[in-house]
Amino acid sequence: MAAAAPPRPGGFVLFLHGSGGSGDESRAEVAPYFAAPELAASVRLSFPTAPTAPIACYGCNLLCCFAFWMLCKARGAVITAWFGVTEVPITAKTVRDEKEVLKAVDYVHALLDEEIASGTSPSDIFVCGLSQGGALAIASVLLYPKTLGGCAVFSGSVPLSKSFADKVSPEARKTLVLWFHGMADGLVLFEAGHAGCAFLEELGMTCEFKAYPTLGHSMIDEELQYFQQWILNRLGICGATETARSSSSSQHKDLQ
């Protein structure tokens with residue numbers, strides 16, 4: 001039996017992009033908030049890219065008509081995605097192919113197992129994501145058998161039915177969740193995010209929900225600054241410097 005790896009100091013943040021995005025795009029948005037020298041040595045970041053898959057209606061947005069939706073659906077665009085998309089906008093009642101979701105969860109769990117095997121404490125690991133990446137992040141945390149440092153969801157939803165509640169271990173229910181959602185989000189409706197957080201609270205989990213009245217389907221500097229401080233507080237790191245950004249927001253076309 002191989003010897004256990006020595007404890008690895010610092011934290012690990014796994015950030016999952018939305019459908020149609022990439023790890024490099026997420027890195028460009030999120031990594032600057034942890035780039036200060038005093039943080040770079042203490043917080044390791046990982047931004048994997050999803051495989052490509054045929055997803056109906058990628059490219060549809062709030063301005064597209066029903067006819068264009070049907071055309072996209074018939075053609076099936078090929079994009080990066082963690083699992084399939086059946087409809088937009090995503091509502092509190094949207095149903096996913098749970099087999100695809102669970103396959104993606106297994107991928108995330110393998111990454112977490114690898115990080116823990118390298119010596120990182122589960123309590124120093126954070127699984128986070130935007131849109132579909134946020135949905136995968138919370139699903140992965142719910143079904144992971146250990147208590148992690150936390151989970152941050154940006155404009156996401158819970159992609160599993162309530163029938164999975166019995167599969168959420170007591171350890172997983174102790175993982176803290178931070179949820180950001182814009183009330184003007186037209187792709188992943190606010191109701192989906194609000195219902196997701198309510199479901200977590202029904203499980204006995206702690207979910208801090210931050211709503212932004214005028215925010216659409218995007219990440220903004222205000223969210224990312226709060227996210228940065230939340231991670232650092234959980235890791236016991238003080239004195240973070242404010243990150244200067246050339247742009248205070250970034251619009252996304254993820255289909256969840």
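Rings of Phe, Tyr and Trp (its six-membered ring) pair if their centres lie within 6.5 Å; planes under 30 degrees apart count as stacked, over 60 as edge-to-face and the rest as tilted.

**Entry 1: ground rules.** I note that this is a predicted model, where local features need pLDDT of at least 70, side-chain atom pairs count only at pLDDT 80 or more, and totals for chains, interfaces and linings use all residues. Residues are numbered from 1 along each chain as its sequence is written, and side-chain values use heavy atoms, without hydrogens and water.

**Entry 2: overview.** I looked up the secondary structure and found seven helices and ten strands in the protein chain. Helices (H or I, at least four residues) and strands (E, at least two) are DSSP runs, numbered from the N terminus. Of the 256 residues in the protein chain, 52% are buried. Buried means under 20% relative accessible area, exposed over 50%, partly exposed in between (1.4 Å probe, protein chains only).

**Entry 3: aromatic rings.** I found eleven aromatic pairs in the structure. I took Phe-15 and Phe-47 to start: their ring centres are 6.2 Å apart and their planes stand at 40°, so this pair is tilted. Phe-15 belongs to strand β1 (residues 11-16), while Phe-47 sits in the loop between β2 (43-46) and β3 (52-55), 32 residues apart. Phe-15 is buried, with a relative accessible area of 1%. Phe-47 is buried too, at 9%.

Phe-15 also pairs with Phe-227, edge-to-face, at 6.4 Å centre to centre and 75° between the planes. Phe-227 lies in helix α7 (residues 221-235) and Phe-15 in strand β1, so the pair ties together parts 212 residues apart in sequence. Phe-227 is buried, like Phe-15.

I then looked up the cluster. One aromatic cluster is formed by Phe-15, Phe-34, Phe-47, Phe-154, Phe-180, Tyr-212, Tyr-226 and Phe-227.

**Entry 4: cores.** I checked the nonpolar cores, which are sets of buried Ala, Val, Leu, Ile, Met, Phe, Trp, Tyr and Cys residues joined through side-chain atoms within 4.5 Å. The largest has 39 residues, and Val-127, Leu-142 and Leu-200 have the most contacts inside it. Elements that each supply at least two residues of this core include β1, α4 (98-117) and β5 (125-130). Helix α5 gives the most to this core, with seven residues. A second, separate core of 28 residues includes Phe-34, Ala-152, Leu-224 and Ile-237.
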